[in-house]
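Here is a short briefing to read alongside the structure. Have the 3D view open, and follow the residues as they come up.

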Amino acid sequence: MRDDAGPVDQPSRSDGFVRGLSEVIGGPVGEHAVERRDGVRAGGGFWTAARVVLALMCLSLALHWVQKSPCQDGAWQNYRQYTRFCYTDVLALYYAEGLNEGKVPYVDHPVEYPVLTGAFMGALGLPVHALGKDRPEINQGQWFYNLNALVLGAIGVGAVAALLALRKRRPWDAAMFALSPALLVTATVNWDLLAIGLAVFGMLAWARKKPVAAGVLLGLGCAAKLWPLFILGPILVLAFRTKRWRAAMTTVWVGVATVLAVNIPVALAFPDGWKRFFELNNTRPIDWGTIWYVGRYLDTKWSPNSAGPFQWLSDHIPTLNILSYLLFGLACLGIAALAFYAPRRPRLAALAFLVVAAFLIFSKVWSQQYVLWLLPLAVLARPRWGAFLAWQVAEVFYFLAFYGELLGASGKQVFPEGVFVLAATLRLAGVIAMCYFVIRDILRPELDPVRATYADDPDGGDFDGAPDPEPVGRAEPVRV
């Protein structure tokens with residue numbers, strides 16, 4: 001039972017941070033202002049809240065394209081891709097994955113990404129190669145990047161439209177995604193917007209009580225990047241709490257079946273190309289910016305003459321893998337316990353945000369663009385601008401420091417490594433702070449901004465409006 005009828009949230013009234021900023025332009029919207037259901041004052045004409053947010057998303061993507069423009073010609077000399085902060089895997093991997101030679105992903109060349117991302121690369125890259133092989137005047141890498149930027153941008157705009165559909169009474173929440181500084185600098189660093197679009201549309205299908213479509217979309221999202229599959233875990237946990245199993249199990253089984261249907265044909269036909277993704281993840285050492293990287297740096301300060309525990313883990317990757325998965329698993333158990341013991345059934349987006357955040361916190365790889373995974377979930381889980389912007393500032397600081405670290409690794413030291421470690425620590429702290437506020441809203445549902453607007457969970461699908469039994473462990477009152 002979705003609750004889209006009723007007054008539309010005005011951030012200048014409901015969000016303390018936005019209310020403070022609004023004083024610069026005269027203060028919040030007046031209580032007696034006449035509004036339409038879309039949140040715009042009567043007489044507002046064409047520019048409804050949803051259209052403004054979509055226009056802002058288009059503006060952010062255009063600015064991102066400009067920010068990446070110094071690298072589009074592929075002439076990366078004198079570390080230009082680092083000094084201009086414009087490096088992108090999309091352009092680099094056009095050559096590294098053999099697309100410029102017409103190699104078919106998985107068939108002719110192993111690909112380091114899940115199957116759907118590899119197929120996406122091939123679907124855009126092979127026609128560019130076919131067009132350019134007899135036209136030497138065409139810069140194939142630049143054409144490939146621009147084509148990807150156009151398609152990924154369209155997927156990003158679609159994801160914002162899905163967020164708007166999920167929050168008809170809170171349309172300005174989607175502006176957090178559209179105006180995200182992290183989106184501005186990382187949108188096309190890799191192909192993550194493909195999985196984000198599939199995941200958000202999967203959540204929209206679940207909210208619209210279409211469990212089969214939700215399973216297909218989340219399964220396809222997992223076939224593009226792993227993380228959309230994590231959304232199935234919170235669905236199962238909420239099914240336990242509500243005792244509503246049918247839709248949840250349909251989505252889970254369809255999601256798993258979709259992942260298998262996409263992967264099995266490629267795995268059977270081209271096993272060497274398909275398993276490259278899994279081999280790389282198993283053998284990859286501690287990567288830049290992770291909690292393990294910070295620990296290894298601290299090892300050198302605490303025990304400069306001997307290898308510390310994090311350095312030992314770096315030298316024993318199988319053990320590192322087990323520990324990383326174990327900590328993530330324990331975090332998931334903690335999130336499940338939170339869902340069972342919370343005074344009110346948590347919202348799906350809140351649990352999904354916590355699961356994906358836990359995965360990133362304990363992962364041995366945390367690439368700069370992985371922040372995009374959390375953005376739509378943060379918008380749905382806790383649409384408050386203050387903590388969100390503080391986290392985004394930390395992400396941008398990390399983005400800038402990361403390129404300084406890359407220059408240092410290339411022999412052109414910009415600053416001591418401690419600056420980069422500080423940036424990584426602040427990024428980690430920003431994500432943990434967001435987790436704290438989400439957990440606080442779960443434990444104190446009266447603070448949840450979404451439930452201040454909606455009666456229950458607008459993303460909950462079959463769980464929205466379900467009777468909420470007493471949480472586990474709450475004793476019945478003794479009557480005398």
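Is Phe85 buried or exposed, or partly exposed? With a relative accessible area of 29%, Phe85 is partly exposed, because that value falls between the 20% limit for buried and the 50% limit for exposed. Please keep in mind that this is a predicted model.

**The chain as a whole**

- The chain holds 22 helices and zero strands.
- It has 480 residues, and 52% of them count as buried.
- Take the contacts between residues at least 6 apart in sequence: 73% of these join residues at least 24 apart.
- About 20,700 Å² of accessible surface belongs to the chain, and carbon and sulfur atoms contribute 66% of that surface.

- Phe85 is not a glycine, yet its phi is positive, at about 55°.
- To find Phe85, look in the loop that runs between α4 (80–83) and α5 (89–96).
- Lys209 is not a glycine either, and its phi is positive at about 60°.
- You will see Lys209 in the loop between α10 (192–207) and α11 (211–224).
- Lys209 counts as partly exposed, with a relative accessibility of 45%.

**Asp287, a buried loop residue**

- Asp287 sits in the loop between α15 (276–283) and α16 (291–302).
- Its relative accessibility is 16%, so Asp287 counts as buried; the cut-off for that label is under 20%.
- The Asp287 side chain makes a polar contact with the side chain of Arg284, at 3.4 Å.
- Leaving aside residues up to four places away in sequence, Asp287 touches Tyr293, Lys364, Val365, Trp366 and Ser367.

- Which residues make the nonpolar surface patch of about 370 Å²? They are Val256, Leu260, Ile264 and Leu268.
- Val256 lies in helix α13, which covers residues 246–269.
- At a relative accessibility of 33%, Val256 counts as partly exposed.

Methods
Residues are numbered from 1 along each chain as its sequence is written. This is a predicted model: local features need pLDDT of at least 70, side-chain atom pairs count only at pLDDT 80 or more; totals for chains, interfaces and linings use all residues. Side-chain values use heavy atoms; hydrogens and water are left out. Helices (H or I, at least four residues) and strands (E, at least two) are DSSP runs, numbered from the N terminus. Buried means under 20% relative accessible area, exposed over 50%, partly exposed in between (1.4 Å probe, protein chains only). A polar contact is a pair of N or O atoms within 3.5 Å; within protein, one must be able to donate a hydrogen and the other to accept it, and residues adjacent in sequence count only if both atoms are side-chain atoms. Contact means heavy atoms within 4.5 Å. Accessible areas come from the Shrake-Rupley method with a 1.4 Å probe; for residues, only the protein chains shown count as cover. Patches are made of residues with over 30% relative accessible area and no salt bridge: like charges are joined within 9 Å, nonpolar side chains (Val, Leu, Ile, Met, Phe, Trp, Tyr) within 5 Å. A salt bridge is a side-chain nitrogen of Lys or Arg within 4 Å of a carboxyl oxygen of Asp or Glu.
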